[in-house]
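Colleague: I have a model open and some terms to clear up. Can we go through them one at a time?

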Amino acid sequence: MTAAAEEVRAGARTDEEHRGDVCIVGAGPAGLTLALLLLKSGVRVTVVERSRSHQREFRGEILQPGAMTVLDRLGVLAGARARGCHEHDRFRLVEQDRILLDIDYRALPAPYDHLLSIPQSHLLTELLLHCAEFADFEYVDGCRVNALLRDERGRITGAAADGHVFHSKVVVGADGRFSKVRRLAGIEAGRSEAFDQDVLWFKLTKDEPEVSHDVRVFRSAGTSPVLAYGSWPNRIQVGWTLPHGGYKTVVAQGLGHVKEQLAKAVPAYADLIEAQITSLRDLSLLDVFSGRAERWATDGLVLMGDAAHTHSPIGAQGINLSVQDAVVLHPLLVESVGRGDASAAFLSRFEERRAPDIATMMRLQGMQSKAMLSTGTFATRVRPKLAAVVKHTPVYRKVLRTIAFGNPSIEVAEGLFTAR
């Protein structure tokens, strides 16, 4: 367990009954960002997290400028960066020595003119420490939610988890794409196989930090695209895209075949792959899909982040969208608690306000997927020339800003913050 978690748990009540205004299930970037926003607004918050430590391995590490902007406004970004991170200037699609697609973040205004690769544990630790400064914050980890509390009219009034009972005015499901809260509420996930791919994920370790300042996707004839980027302190995150369900076919040919295909796709890392991938257990399979829950709210409960809308890892939007979800949901929950209105009709305003942004990003991810994965004459000969022309048009700048910042009108409602 981290020192941050121990500091928070030391002040937690030991009785089984917990009461707060808002109970957030899930202590990821979405849940903890929302918790901090609510605490700054005088709302009593309980966060329930099933894991006892956030020092475990995460695949999602890249922050887009939109998330960095929010976290900076909350005073969290500097401390998270100080724990260790890497900046990346570009996102590039590379085929051998040819650059097929080049998205240059340096075209954006400073100080958010880059991508940031930062271990998620660094971000969560900093968020947790900021939340712990508030007397109205309670953090209960190692606790798996297994039921939702309901009143005589069927409205959700809290959650039960491993011997604890959490009473609240609103429950927030921020527990990821396989959300238990969503299932307990009887809300369908709305899974879509639009991306039709899996990702085989692993990390390599170098003797010194990665030199490249780019997030790169490598393509080579006869192999599937491979994503690679430098990760703090001296690691390389690698994701090999495969056709959906293609993992069994590849693995059936043996570890040697897997390593051969990877080395062919990213020859610069061939020696590291040969030395460090010694077992299939060194590889992690990520089931890629997108989806949008059939509804994001019911009486007493609202879903956010991956629990409400799940995305492909393409374009590194997971943390970005989750953090911005928290910003949009924050004023709505402050009003809900103040008015005593946690009805589905009221909480559904979150989906009404946020759904257009999510739909836009899903369309952009579809475009990025086609740019990365499609092959043939157009992909390898025509697209680079077309992309070079488009790069100097207002359309390119608009798309880049949307990918980087999302909806530019999303701003932290600092006017709701109260004196501590």
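Colleague: Why does D162 count as partly exposed?

Modeller: This is a predicted model, so every value here is computed from it. The relative accessibility of D162 is 45%. Buried means under 20%, and exposed means over 50%. The value of D162 falls in between, so D162 is partly exposed.

Colleague: Where is D162, and what is its phi?

Modeller: D162 sits in the loop between β10 (156–161) and β11 (164–173). Its phi is near 45°. That is a positive value in a residue other than glycine.

Colleague: Now the helices. What makes α2 and α5 roughly parallel?

Modeller: Two packed helices are described by the angle between their axes and the distance between the axes. Helix α2 (residues 29–40) and helix α5 (residues 120–131) pack at about 20°. Their axes are 9 Å apart. Angles under 35 degrees count as roughly parallel. The angle of about 20° meets that cut-off, so α2 and α5 are roughly parallel. Their crossing is left-handed.

Colleague: Which residues of α2 and α5 meet?

Modeller: From α2 come P29, L32, T33, A35, L36 and L39. From α5 come Q120, L123, L124, L127, L128, H130 and C131. The contact divides into 10 nonpolar residues, 3 polar and no charged.

Colleague: Which residues touch the most other members of the largest nonpolar core?

Modeller: I24, L63 and V172 do, in a core of 104 residues. Helix α10 (residues 318–339) gives the most to this core, with 11 residues. A second, separate core has 20 residues, including L200, V238, W240 and L242.

Colleague: What is I24 in contact with, leaving aside its neighbours within four places in sequence?

Modeller: The list holds G31, L34, A35, L38, V45, T46, V47, V48, V172 and A174. One of these, V172, is also among the residues that touch the most other core members. A contact here needs heavy atoms within 4.5 Å.

Colleague: Why would nonpolar residues gather like that?

Modeller: In soluble globular proteins, nonpolar side chains tend to be buried together.

Colleague: Last topic: cis peptide bonds. Which residues does a cis peptide bond join, and what is omega?

Modeller: One joins A110 and P111, with omega about 10°. Another joins W232 and P233, with omega about -5°.

Colleague: Where do P111 and P233 lie?

Modeller: P111 lies in the loop between β6 (98–104) and β7 (115–117). P233 lies in the loop between β14 (226–231) and β15 (235–243).

Notes. Residues are numbered from 1 along each chain as its sequence is written. This is a predicted model: local features need pLDDT of at least 70, side-chain atom pairs count only at pLDDT 80 or more; totals for chains, interfaces and linings use all residues. Side-chain values use heavy atoms; hydrogens and water are left out. Axes are lines fitted to C-alpha atoms, for helices over the stretch in contact, and angles run from 0 to 180 degrees between N-to-C directions. Helices (H or I, at least four residues) and strands (E, at least two) are DSSP runs, numbered from the N terminus. Angles under 35 degrees count as roughly parallel, over 145 as roughly antiparallel, 65 to 115 as roughly perpendicular and the rest as oblique. A crossing is left-handed if the near helix is turned anticlockwise from the far one by less than a right angle, and right-handed if clockwise. Ala, Val, Leu, Ile, Met, Phe, Trp, Tyr, Cys and Pro count as nonpolar, Asp, Glu, Lys and Arg as charged, and the others, Gly among them, as polar. A nonpolar core is a set of buried Ala, Val, Leu, Ile, Met, Phe, Trp, Tyr and Cys residues joined through side-chain atoms within 4.5 Å. Buried means under 20% relative accessible area, exposed over 50%, partly exposed in between (1.4 Å probe, protein chains only).
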